[in-house]
Each structure stands twice: as structure tokens, then as C-alpha cells.
Amino acid sequence: MRVGRSSRTSLIGSGYYYLRKKLGFLGVISHETSSPKYSSSTTPLVHPKPYGLWRFKATLAQTQLANFNNDVVDDQGLDFPGGRVTFTSDLTFISESSDKRVPCFRVLDDNGEPITHNYVQQVTEDLAIKMYSNMVKLETMDTMFYEAQRQGRISFYLTTTGEEATNIASAAALSPDDVILPQYRESGVLMWRGFTLQEFANQCFGNKADYGKGRQMPIHYGSNKHNFITISSPIATQLPQAVGVAYSLKMDKKDACVVTFFGDGASSEGDCHASLNFAAVMEAPVVFICRNNGWAISTPIEEQFRSDGIVVRGQAYGIRSIRVDGNDALAVYTAVQKAREMAITEQRPMLVEVLSYRVGHHSTSDDSTKYRAVDEIESWKMGRNPLSIFRKWIERNGWWSDKDESELRSSLKKQVIEAIQVAEKTEKPSVAELFKDVYDHSPINLKEQEKLLRETMRRHPQDYPSDVRI
């Protein structure tokens, strides 16, 4: 049935009125809903008169007035949506960048020495040992899976070398109820949540125990059990999805948030900008964690943007943000834990830029020595290794020893080898699995494709894996 323009207008109008009456304007708090609870340190809310919406003072541009203090007429201004704007006769443009770069939060120096004791006590001995053990576990798995790919045993792999602290420390700061939307270098987050070495191996080898039934390329993990949305290759597509998921948590009044990861390369995608604005406007409880590791495959950050990294974009979109030392596990843990707390209690988005360095190649399809100096890689690998920094701290506390290190690495190596051997021997999914889980009843064209594939495999067996059942 075709609906006329007047009818469509009526439907839209009535739908808008219903949503506003029930939820506020698309779920943003209105007069008819109760105000959320805020900590005493929270910036108070303001209520712009032109619209019946609550808005945080943090989203107003009042701090910019400091740059326009010449000839500002306080009693003259414009009541504009978002707050009052004063007039000035001073022709001044906002600078393209600040004279000083945004500082980077850290707790430990490169030798594992605390530069402040304000946050050290938050991490107990048991938590510290678990964090370090998982960092070593992640490093060991990456090393051996990478070697397995080089031996032709799996088709593809991608490591987190140099970013182990970003993975494990951020995961440790979250709740199991928080939903993770990863990019593709967050296997450590899933590992922390309980995904086993065998499950990692099954996915990379694409056997019948793989939850994706062998349909995805290696390292595209996912787990409903662990609230870890399956990784997909397209860059930045997870970001707008994350805001949508976070908004659903907001509507359901869940005591949880969404955490989504992305790289500096993904920050150049339109989806990133749209997502930051979307999250700010809808006040969604989502924590954006940007892994600024200096390189988007072969593109250095200075060829991507002229701004001071990613952290400054937060203020532009009305989002609180912080820059953190990604090689300092304590700093990452502290910052993400606080960001999560504010995202949930204040129902707002947060942006965390983690400065690290991608020590490994982008993936097994890349040779990073073609576009960056080997000396540069080695200086980061040896001088600012996140595992070494954290190990020095726990050793200094008397929580770790050389014996503990030797036993852990020996045990993990055996576990990874066993996981690879089991995954390699496990039967592959049958051809039939390629055509399932999309339609309730397969259409004729799909049945024809399946039949043709089977015939082709029987006709040319040398071109297909012998361990895949026809």
C-alpha cells in the first residue's frame, strides 16, 4: 500500500510524539523521566531552554571564551541551542592546534618505578600476577601461531606484539557484563575473559570445533559466552554498532557499558567521526579505546592527520577523553577503570587514546621493514617493552622471580603446542556447512550452487583440501 505524503507526515509526527513522551527525545532524558544519579565530582547538568533535553556542561564551548577575552560584550549575546553565545568585535580564529601537546597519563616509568603512588595500591598481588601471566600467555601464543603460519599450517595471523598491556590491562579493568566490540588486535581481551588456547587454535585452523564453522579467516574470534562480538575485517564498522549496543544497554538500564577498540588508521574512517558524534548526542555508555600504535599498516600517523592524535577529537564532539601510556599496564588499567565508571554512572561516552607501538608486522601479509627502520622497531621492542616494565614492578614488590618466569614460559609453550596439534588433527567442517545458517529453507539458487561445488570438487580433487568432506 502506498502512503501519501500527508499520511506519512501524520505517521511520523505521531511516532515522534510517542517516542518523546515515553523515552524523551530518542531516549535522551526529558522532563517526564527522573534524573540519573551522579557523583559529587560530576559536572552539573544544564537545561537549554529551546529544547527539552538535558545536556552536560562539558558539551558547551564555555572554555573557549578564554581565547576570546578581548572586547567581549557580556550583556550581549545569542540564546542558541546548546547554551548562550556572547558576541565580540575581536576578529579571532581558533588555533588549529595548541602550543603544547596533550600530556600522556602514566604510573610507571620505563624501569618499572612508580612515578606516583596514588594508583599503585589499586592493583593487588593476585591481580598483578594474573595480568602479567596473561600478558606472557598472549605473547607466547602470538609467537607460536605466527610461526605456524610461516610453516604453512594456517593461512593468516596477526600479532599484538608491543600492545600486550593495552589488551590485558584494559580487559582487567572491565566487568564480564560489559560488551566488547573489537577491531582485530584484541585477542588478549578475549583471553582474559576465559577463551582458551584450544578455542583460539580451533578458530585459526578452521576446524569443526570452531564456533564460526571455518567460514572466517584466522584471528576473527567471537564468543557469545564472553560478550565478545565477532571480529570483522572492514575497518571501523564496529564503532557505530558499538554506540547502538550501548544505547540499548542505556534503555534497559543495565549496570554495564560497551567498550570498542579501534586503531589510529580506523580513526580516519567516516564511521569513526559519525560514531563519536552519535555517542555524544545520544549520551550512550560506550568507552572508545583507540590503539594509536603509530602505523596504519604502512601509513604513519603524520600522513593521516594534523591534529594532536586522537584524544583532542573528544572535546570537539563533546566527549571526555584522556591519553594514556600503552606500555604501562598500571596506567591503562587505572584509566580504563575510571572511564568505565564514568560511562556507567553518568551515562556518557568516554574516549581513551592509548599510545603504544606496533612492534610486529601489521600481519603475516606485511613486511614492515620495507617502510620503517629496523633500529626504530628494536628501540621500542627493547627499551619500552610493556612486559618488561610490568615485570620489573612486580619483581620489585617481591611478587615474581626468575623461577616463576621460567616455569610460566615453559608451561605456556607446552600448552600452545598441544592446542595447535589438537586443532590441526581435528576434522574440518563439511562442505554443507557453507550453505547453512542463512535461510530457514535454502532457495533453489543456493541448492544449485552447492550441487555445482560438490561436482567440481569431485572432478578436480587436487585443487581442494583432502580433509574437507564432500
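What share of the contacts in the chain with a separation of 6 or more is accounted for by residues 24 or more positions apart? The share is 69%, where contact means heavy atoms within 4.5 Å. This is a predicted model, in which local features need pLDDT of at least 70 and side-chain atom pairs count only at pLDDT 80 or more, while totals for chains, interfaces and linings use all residues. Residues are numbered from 1 along each chain as its sequence is written, and side-chain values use heavy atoms, with hydrogens and water left out.

**Overall composition**

- The chain contains 13 helices and 11 strands; these are DSSP runs numbered from the N terminus, with helices (H or I) of at least four residues and strands (E) of at least two.
- Of the 470 residues in the chain, 45% are buried; buried means under 20% relative accessible area, exposed over 50%, and partly exposed in between, with a 1.4 Å probe and protein chains only.
- The accessible surface of the chain is about 24800 Å², and carbon and sulfur atoms hold 53% of it; such areas come from the Shrake-Rupley method with a 1.4 Å probe, and for residues only the protein chains shown count as cover.

**Strand β11 and its partners**

- Strand β11 (residues 350-355) is largely enclosed by the rest of the structure, because five of its six residues are buried.
- Strand β7 (residues 286-292) pairs with β11 in the parallel sense over six bridges, and F288 stands opposite L351 of β11; strands pair if DSSP finds at least two bridges between them.
- Strand β10 (residues 320-325) also runs parallel to β11, joined to it by six bridges, and D325 has L355 in β11 as its bridge partner.
- A right-handed β-α-β unit is made by β10, helix α9 (residues 329-345) and β11; right-handed means that, with the strands pointing away from the viewer, the path from the first strand over the helix to the second runs clockwise.

**Salt bridges**

- The whole structure holds 32 salt bridges, each being a side-chain nitrogen of Lys or Arg within 4 Å of a carboxyl oxygen of Asp or Glu.
- R323 and E353 form a salt bridge with an N to O distance of 2.9 Å. The pair links distant parts of the chain, R323 in strand β10 and E353 in strand β11, 30 residues apart. R323 is buried at 3% relative accessible area, and E353 is buried at 0%.
- R340 and D178 form a salt bridge whose closest N and O atoms are 2.5 Å apart. Because R340 lies in helix α9 and D178 in the loop between α3 (164-172) and β5 (179-181), the pair ties together parts 162 residues apart in sequence.
- D79 and R84 form a salt bridge, with the closest N and O atoms 3.2 Å apart; D79 is exposed at 59% relative accessibility, whereas R84 is partly exposed at 45%.
- A network of salt bridges links E139, R391, E395, D402, E405 and R409.

**Aromatic pairs**

- The structure has 11 aromatic pairs; rings of Phe, Tyr and Trp (its six-membered ring) pair if their centres lie within 6.5 Å, with planes under 30 degrees apart counted as stacked, over 60 as edge-to-face and the rest as tilted.
- Y132 and W400 are edge-to-face, because their ring centres are 5.4 Å apart and their planes are at 70°. The pair links helix α2 (residues 125-150), which holds Y132, to the loop between α11 (386-396) and α12 (402-425), which holds W400, 268 residues apart.
- F195 and F200 are likewise edge-to-face, with ring centres 4.8 Å apart and planes at 80°.
- Ring pairs join F195, F200, Y211 and Y221 into a cluster.
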